[in-house]
Amino acid sequence: MADRTTATTDFNLDLNTIVEEAFERCGAELRTGYDLRTAKRSLSLLLMDWANRGINLWTLETGTQVLTAGTGTYDLPADTVDLLDHVIRTGSGQNQIDINISRISSSTYVAVPNKNATGRPIQIWIDRRTGATDSTGAVVYPQFTVWPLPDSSTTYTLFYTRLRRMFDVGGGTSGLDIPFRFLPCMVAGLAY
């Protein structure tokens, strides 16, 4: 019996092929640019729906921010949806220590009587801004604020896990920002 394995695991579908497959499942044929444009819009909405349903593990990324003494508020990447985990690290190598910090709500942060107090940060407030561009052309970055403000006694680094937005559908020449195992769900969702 001949060996039938290919020893490859790189199957993926680009946008155009996903749209063609969905149209074929409906017994239709992709004919116009308008058909493709509406399919791209539907796929973008489908991805947003998936993002609203819960945490998509393939969109988790780690990040760091060295904290500056006396500065409490820092920008996050514009495509950040939320921070899931966060610790303050002091030291390095074998002498590093990770310390959990508590997430607080905006109302709890507003109630802090002395926002200029300094020390080792023990709390973090996350301002989940849109990351979109405002009317002046400036990006409204999501931000986090630590309290108390970092002091100058040591270097504090925030290590975090962030949930980022799924990449846009794009122009159709590359694969989408989903694991291969979600391709059947995507095609079925678009066909629906």
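**Exercise 1.** Are helix 2 and helix 4 oblique or roughly parallel to each other?

*Before you start:* this is a predicted model, where local features need pLDDT of at least 70, side-chain atom pairs count only at pLDDT 80 or more, and totals for chains, interfaces and linings use all residues. Residues are numbered from 1 along each chain as its sequence is written, and side-chain values use heavy atoms, with hydrogens and water left out.

*Solution.*
Step 1. Find helix 2 (residues 33-53) and helix 4 (residues 183-191): their axes come within 10 Å and cross at roughly 120°. Axes here are lines fitted to C-alpha atoms over the stretch in contact, with angles from 0 to 180 degrees between N-to-C directions.

Step 2. Check the classes: under 35 degrees is roughly parallel, over 145 roughly antiparallel, 65 to 115 roughly perpendicular, and the rest oblique. So helix 2 and helix 4 are oblique to each other.

Step 3. Now see who touches whom (contact means heavy atoms within 4.5 Å). Helix 2 brings Ala 39, Ser 42, Leu 43, Leu 46, Leu 47 and Trp 50, while helix 4 brings Cys 185, Met 186, Gly 189 and Leu 190.

**Exercise 2.** Which strands stand at the edges of the open sheet of 4 strands?

*Solution.*
Step 1. Read off the order, 2-8-7-5, with mixed pairing. Strands are DSSP runs of E, at least two residues, numbered from the N terminus; two of them pair if DSSP finds at least two bridges between them.

Step 2. Strand 2 (73-75) and strand 5 (102-104) each have a single partner strand, so they're your edges.

Step 3. Look at strand 5 again: 3 bridges join it to strand 7 (residues 123-127), and the two run parallel.
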